[in-house]
Amino acid sequence: PMHTAIETQGILLQLISKFFEVAKVKSRHTDARVTKCLQYIHENTDKDISIKQLADMACITEDHLIRIFKKEMNSTPLRYIHTKKIEKAQLLLLTTEMPVRDIALELSMDNTSYFNRVFKSYIGKTPTEYREVNRGGS
């Protein structure tokens, strides 16, 4: 089914609001170290973010980071990083004509087939299918 422009706009607004909700989610009880990592992830979707990097930033071991991150966010750090990258990809797919390969590079996912696989596992469609469906197939 083809989406109308209005629907696409709705999808865009949802995505954009996700970018701005950074750590408001549970600001009251969120562990400051997790908040720091969340902020970093949001600001650096264009970089290759490693768990080690986040752990170093929070001054804790990787295992400890994964544990507190899971507790706060119900998600592993890697899954969260992927989620943010995929949201950014969705935004770029809908608002630009960038080739999928360039979008993958923009997210520091240099291997396009890996990017396609991750995207599909989160969204259920490949980036190309996603773009076609949501833009009324240009």
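Leaving aside its neighbours within four places in sequence, which residues is Ile 103 in contact with? In this predicted model, Ile 103 is in contact with Ala 89, Leu 92, Leu 93, Met 98, Phe 115 and Arg 131.

## The chain as a whole

The chain has eight helices and zero strands. Read from the N terminus, the order of its elements is α-α-α-α-α-α-α-α. Of the 138 residues in the chain, 40% are buried. Among contacts with a separation of 6 or more, 61% are between residues 24 or more positions apart.

One pair shows what such a separation looks like. Ile 11 and Asn 134 are 123 residues apart in sequence, while their C-alpha atoms are 8.7 Å apart in space. Ile 11 is part of helix H1. Its relative accessibility is 18%, and because the cut-off for buried is under 20%, Ile 11 counts as buried. With neighbours within four places in sequence left aside, Ile 11 is in contact with Leu 94, Tyr 130 and Asn 134.

## The nonpolar cores

The largest nonpolar core has 18 residues, and those touching the most other members are Ile 103, Phe 115, Phe 119 and Tyr 130. Helix H1 (5-20), H5, H6 and helix H7 (112-123) are the elements that give two or more residues to this core. The most comes from H5, which gives six residues. Apart from this core lies another one, of 17 residues, including Val 34, Leu 54, Ala 55 and Leu 65.

Tyr 130, named above as a member of the largest core, is also one of the residues that Ile 11 contacts.

## How the helices pack

| Helix pair | Angle between axes | Distance between axes |
|---|---|---|
| H2 and H3 | roughly 135° | within 9 Å |
| H2 and H5 | about 35° | 9 Å |
| H5 and H7 | about 95° | 10 Å |

The axes of helix H2 (residues 32-43) and helix H3 (residues 51-58) cross at roughly 135°, which makes H2 oblique to H3. The crossing in which H2 passes H3 is right-handed. On the H2 side, the residues that meet H3 are Arg 33, Lys 36, Cys 37, Tyr 40 and Ile 41; on the H3 side they are Gln 53, Leu 54, Met 57 and Ala 58. Sorted by class, this contact of H2 with H3 has six nonpolar, one polar and two charged residues.

H2 also packs against H5, at an angle of about 35°. The crossing of H2 and H5 is right-handed. Leu 38, Ile 41 and His 42 of H2 make this contact with Tyr 80, Ile 81 and Lys 84 of H5. The classes in the contact of H2 with H5 are four nonpolar, one polar and one charged. Ile 41 of H2 takes part in the contact with H5 and in the contact with H3.

H5 and H7 pack at about 95°, which makes H5 roughly perpendicular to H7. From H5, Arg 79, His 82, Thr 83, Ile 86, Ala 89, Gln 90 and Leu 93 meet Tyr 114, Phe 115, Val 118, Phe 119, Tyr 122 and Ile 123 from H7. By class, the contact of H5 with H7 has nine nonpolar, three polar and one charged residues.

## Residues in the loops

With a relative accessibility of 21%, Met 98 counts as partly exposed. Not counting residues up to four places away in sequence, Met 98 touches Leu 92, Ile 103, Glu 106 and Arg 131.

Most residues other than glycine have a negative phi. Asn 74 is not a glycine, yet has a positive phi of about 50°. Asn 74 is placed in the loop between helix H4 (62-73) and H5, and is exposed, with a relative accessible area of 71%. Ser 108 is not a glycine either and has a positive phi of about 60°. The loop between H6 and H7 holds Ser 108. Ser 108 is partly exposed, with a relative accessible area of 24%.

How values were computed
Residues are numbered from 1 along each chain as its sequence is written. This is a predicted model: local features need pLDDT of at least 70, side-chain atom pairs count only at pLDDT 80 or more; totals for chains, interfaces and linings use all residues. Side-chain values use heavy atoms; hydrogens and water are left out. Buried means under 20% relative accessible area, exposed over 50%, partly exposed in between (1.4 Å probe, protein chains only). Contact means heavy atoms within 4.5 Å. Axes are lines fitted to C-alpha atoms, for helices over the stretch in contact, and angles run from 0 to 180 degrees between N-to-C directions. Helices (H or I, at least four residues) and strands (E, at least two) are DSSP runs, numbered from the N terminus. Angles under 35 degrees count as roughly parallel, over 145 as roughly antiparallel, 65 to 115 as roughly perpendicular and the rest as oblique. A crossing is left-handed if the near helix is turned anticlockwise from the far one by less than a right angle, and right-handed if clockwise. Ala, Val, Leu, Ile, Met, Phe, Trp, Tyr, Cys and Pro count as nonpolar, Asp, Glu, Lys and Arg as charged, and the others, Gly among them, as polar. A nonpolar core is a set of buried Ala, Val, Leu, Ile, Met, Phe, Trp, Tyr and Cys residues joined through side-chain atoms within 4.5 Å.
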